[in-house]
Amino acid sequence: MGLLRIMMPPKLQLLAVVAFAVAMLFLENQIQKLEESRSKLERAIARHEVREIEQRHTMDGPRQDATLDEEEDMVIIYNRVPKTASTSFTNIAYDLCAKNKYHVLHINTTKNNPVMSLQDQVRFVKNITSWKEMKPGFYHGHISYLDFAKFGVKKKPIYINVIRDPIERLVSYYYFLRFGDDYRPGLRRRKQGDKKTFDECVAEGGSDCAPEKLWLQIPFFCGHSSECWNVGSRWAMDQAKYNLVNEYFLVGVTEELEDFIMLLEAALPRFFRGATELYRTVGKKSHLRKTTEKKLPTKQTIAKLQQSDIWKMENEFYEFALEQFQFIRAHAVREKDGDLYILAQNFFYEKIYPKSN
């Protein structure tokens with residue numbers, strides 16, 4: 001017995017297609033409105049939380065500004081590069097903030113734009129330096145490096161960051177835009193519905209996997225100068241290297257995140273006391289954010305991207321950062337039975353004059 005087919009007249013078929021398209025547009029519009037409403041609600045909640053904290057500090061009595069010690073006046077900025085395990089690391093800071101008594105604040109820029117307007121730069125610098133109710137503070141967000149010295153501040157914040165192998169970072173970001181991750185699986189992503197693999201995208205010369213998309217870690221470290229965002233700029237890479245060495249307290253790599261956390265705990269215990277143990281026991285399982293449906297690129301795809309001058313520059317910067325991190329680690333830890341241990345204080349003072357009577 002053959003299958004019974006119900007054939008619709010062509011006009012009805014056309015009407016059905018149009019009706020379906022209209023329905024999809026309506027749904028997408030409603031989803032967008034819901035996302036906008038959620039964003040407004042998040043901002044309102046954030047403002048309310050800030051007011052509550054300020055009121056709590058007021059009720060506790062005025063702080064003696066002149067007597068704030070160095071640790072209590074400390075501010076850390078983590079200007080996180082997307083898809084470098086930044087959420088995993090930031091969640092460690094959130095887990096520790098109540099116990100270690102500091103504030104964590106997310107810098108939410110419109111459309112995740114990493115470049116601030118000049119007026120917003122002034123506002124941001126003023127907030128960071130004078131917002132005493134939020135000190136000690138850990139600020140994090142997808143923003144490029146900002147030189148506080150340009151604004152005449154007496155005390156600059158401490159910058160930290162993490163970077164990743166540039167091709168691995170781009171592959172992760174490519175699939176993240178299409179399938180999201182296990183952190184917020186229900187959230188609709190910008191490229192949702194596009195099933196094209198990264199290999200197929202590279203083979204077809206697609207824009208989402210073009211070598212120009214690799215240009216991100218260098219400008220994040222370079223900063224707010226226009227040349228920083230000029231793709232392939234040698235000046236931008238040199239400036240990024242300079243900032244990494246001279247303006248950043250510590251820059252780790254995604255591939256060695258645990259060692260990065262261990263060094264931070266040893267050097268900045270005011271914020272990171274307990275971070276290593278937390279990451280080892282809980283963080284590796286609950287904090288590591290995995291991009292959904294990610295497929296590793298083939299050797300042919302990797303080789304094609306590696307022909308690009310942009311990849312060569314981004315990779316040079318990554319290798320430079322990795323070398324700096326490994327140098328710092330080598331002078332801060334010792335290895336025993338396959339595990340790393342932080343070195344104890346390795347200097348002392350002597351021959352102190354004049355002698356006390």
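This is a predicted model: local features need pLDDT of at least 70, side-chain atom pairs count only at pLDDT 80 or more; totals for chains, interfaces and linings use all residues.
The side chain of T90 reaches the backbone oxygen of S86 at a distance of 2.7 Å. T90 is part of helix α2, which covers residues 86–100.

- T90 has a relative accessible area of 2%, and it counts as buried because the cut-off is under 20%.
- Leaving aside residues up to four places away in sequence, T90 touches Y78, R80 and H140.

**Helix α12**
- Helix α12 runs over residues 309–330, 22 residues in total.
- At 1.5 Å a residue this helix should span 32 Å, and its end C-alpha atoms are 31 Å apart, so the two values agree.
- At the start of α12, the backbone nitrogen of I310 has a side-chain oxygen of S308 within 3.0 Å.
- I310 is also one of the buried residues of α12.

**Whole protein**
- The secondary structure consists of 12 helices and seven strands.
- The protein has 357 residues, and 40% of them count as buried.
- Among contacts with a separation of 6 or more, 74% are between residues 24 or more positions apart.
- The accessible surface is about 21900 Å², and carbon and sulfur atoms account for 55% of that surface.

Notes:
Residues are numbered from 1 along each chain as its sequence is written. Side-chain values use heavy atoms; hydrogens and water are left out. Helices (H or I, at least four residues) and strands (E, at least two) are DSSP runs, numbered from the N terminus. The expected span of a helix is 1.5 Å times one less than its number of residues. Buried means under 20% relative accessible area, exposed over 50%, partly exposed in between (1.4 Å probe, protein chains only). A polar contact is a pair of N or O atoms within 3.5 Å; within protein, one must be able to donate a hydrogen and the other to accept it, and residues adjacent in sequence count only if both atoms are side-chain atoms. Contact means heavy atoms within 4.5 Å. Accessible areas come from the Shrake-Rupley method with a 1.4 Å probe; for residues, only the protein chains shown count as cover.
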